[in-house]
Amino acid sequence: MNSPDLKSSSLTPIDAALGLFIAVLWGLNYVAIKISVIHFPPIYASGLRFALVAAILIWFTKPPIGNFIPVFMISAVLGTLHFIFVFTGVTGVDPSVASIILQLGTPFSALMAWLMLNDAFGWRRAIGMLIAFGGVAIVAGEPSVSSSLFHVGVCLAAALCWGVSNVLIKKLNGVEPIQLIAWMALFAAPQLFVVSALMEEGQWAATTRAGTIEWTAIIYMAIGASAIAYGLWYYLMNKYEVSRIIGINLMPPVFAALSSAWLLGEVLGWEKIVGGLLTLFGVAIIQIRWNRVTGPV
């Protein structure tokens, strides 16, 4: 990693285009999740994603010697719990709604760091959190969303798990980002398959009957949204100050909404637009004060 004083001050046009590409990849990921859970049992679909991520990345990293237990704990919170809630939540809400709610992972991260690490919280973060939650409340009042408040709550649980996992990651030393992704995936996949076997049914039938679209969604989540997007993201994080790339983290909900409307016919009411903008504004306030930025799902 480059030291902070050696990092570039402004994005080059190529790197700015890469940032936009990352946001598009992450935005489309929500559509891929929606497609996958329409056909596959949701927890099983998440397990398939992580199994493929591990199969691709594990050969390019070394074992996290001395950090197996912390990485396993992260896999349980982020890889298993978080994604169980994400994939289950998306079964009942539109991709744009899920992407907006999951932005609350940033305020939850700041809150968990305050509670668990004694990080400063401050009035700016408090205001940002109130604005972000207010935006989600507006989204939750949208007619197509209010009938699925259970799934809204599930997505909120996913955001909370994301916040807890960021604290665990912040305490982790000696593990490279791609190494963490690969080994977390390797640990999470069997956990998800076991939970799926206990709580779901129809996995084999869904697997044998899956067509090109369903497998494309699984492959996209593993390669496009995970391997490629996170690889580029950490390249930019290594090269630039966090403040220079913070906007990338706020753009996926925009592309999730646009791609969901285009590919799935999702209707974008004023509640989603206004609530989404308020949520992103609140998250932006918190991220400006937050010294660690991780990517979305």
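Lysine 239 has a relative accessible area of 24%, so this residue counts as partly exposed. The model is a predicted one. The side chain of lysine 239 meets that of aspartate 15 in a salt bridge, with 2.8 Å from N to O. Lysine 239 belongs to helix 11 (residues 212–239) and aspartate 15 to helix 1 (residues 13–39), so that distant parts of the chain, 224 residues apart, are linked by the pair. Aspartate 15 counts as buried because its relative accessibility is 2%.

A search of the whole structure gives three salt bridges. Through shared partners, Asp94, Glu266 and Lys272 are joined into one network.

Glutamate 266, with a relative accessible area of 8%, is buried. Aspartate 94 stands at 23%, so this residue is classed as partly exposed. The cut-off that matters here is 20% relative accessible area, under which a residue is called buried.

Helix 14 (residues 270–289) also holds tryptophan 270. Tryptophan 270 is exposed, because its relative accessible area is 56%. Together with Leu268, Ile273, Val274, Leu277 and Leu278, Trp270 makes a nonpolar surface patch of about 550 Å².

Across the whole structure, a search finds 13 aromatic pairs. In one of them, the ring centres of phenylalanine 50 and phenylalanine 83 are 5.0 Å apart and the ring planes are at 85 degrees, so the pair is edge-to-face. Phenylalanine 50 is part of helix 2 (residues 42–57) and phenylalanine 83 part of helix 3 (residues 68–90), so the contact ties together parts that are 33 residues apart in sequence. Both phenylalanine 50 and phenylalanine 83 are buried.

Another edge-to-face pair is made by phenylalanine 68 and tryptophan 183, with ring centres 6.0 Å apart and planes at 85 degrees. Since phenylalanine 68 lies in helix 3 and tryptophan 183 in helix 9 (residues 177–199), this pair ties together parts that are 115 residues apart in sequence. Phenylalanine 68 is at 33% relative accessibility and so counts as partly exposed, whereas tryptophan 183, at 12%, counts as buried. Elsewhere, ring pairs link Trp26, Tyr230, Trp233 and Tyr234 into a cluster.

Helix 2, which carries phenylalanine 50, is mostly covered, with 12 of its 16 residues buried. Among the buried residues of helix 2 are Pro42, Tyr44, Arg49, Phe50, Val53 and Leu57. From its first C-alpha to its last, helix 2 reaches 23 Å, close to the 22 Å expected at 1.5 Å a residue.

Helix 6 (residues 122–140) can be examined in the same manner. Its 19 residues should span 27 Å at 1.5 Å a residue, and the end C-alpha atoms are 27 Å apart, so the two values agree. The buried residues listed for helix 6 are Arg125, Gly128, Met129, Ala132, Gly135, Val136, Val139 and Ala140. They cover an arc of only 145 degrees around the axis, which means that they lie on the same side of helix 6. An α-helix has 3.6 residues a turn, so residues three or four places apart point the same way. On the other side of helix 6, Trp123 and Leu130 are exposed.

Notes:
Residues numbered from 1 in each chain as written. Predicted model: local features only at pLDDT ≥ 70, side-chain atom pairs only at ≥ 80, totals over all residues. Heavy atoms only, no water. Patch = residues over 30% accessible without salt bridge, like charges linked within 9 Å, V, L, I, M, F, W, Y side chains within 5 Å. Areas by Shrake-Rupley, 256 points an atom, 1.4 Å probe, with all protein chains shown as cover. Salt bridge = Lys/Arg side-chain N within 4 Å of Asp/Glu carboxyl O. Helix = DSSP H or I, 4+ residues; strand = E, 2+ residues; numbered from the N terminus. Buried < 20%, exposed > 50% of the residue type's maximum accessible area, 1.4 Å probe, protein only. Expected span 1.5 Å × (residues − 1). Arc of directions from axis to C-beta. Phe/Tyr/Trp six-rings, centres within 6.5 Å; stacked < 30°, edge-to-face > 60°.
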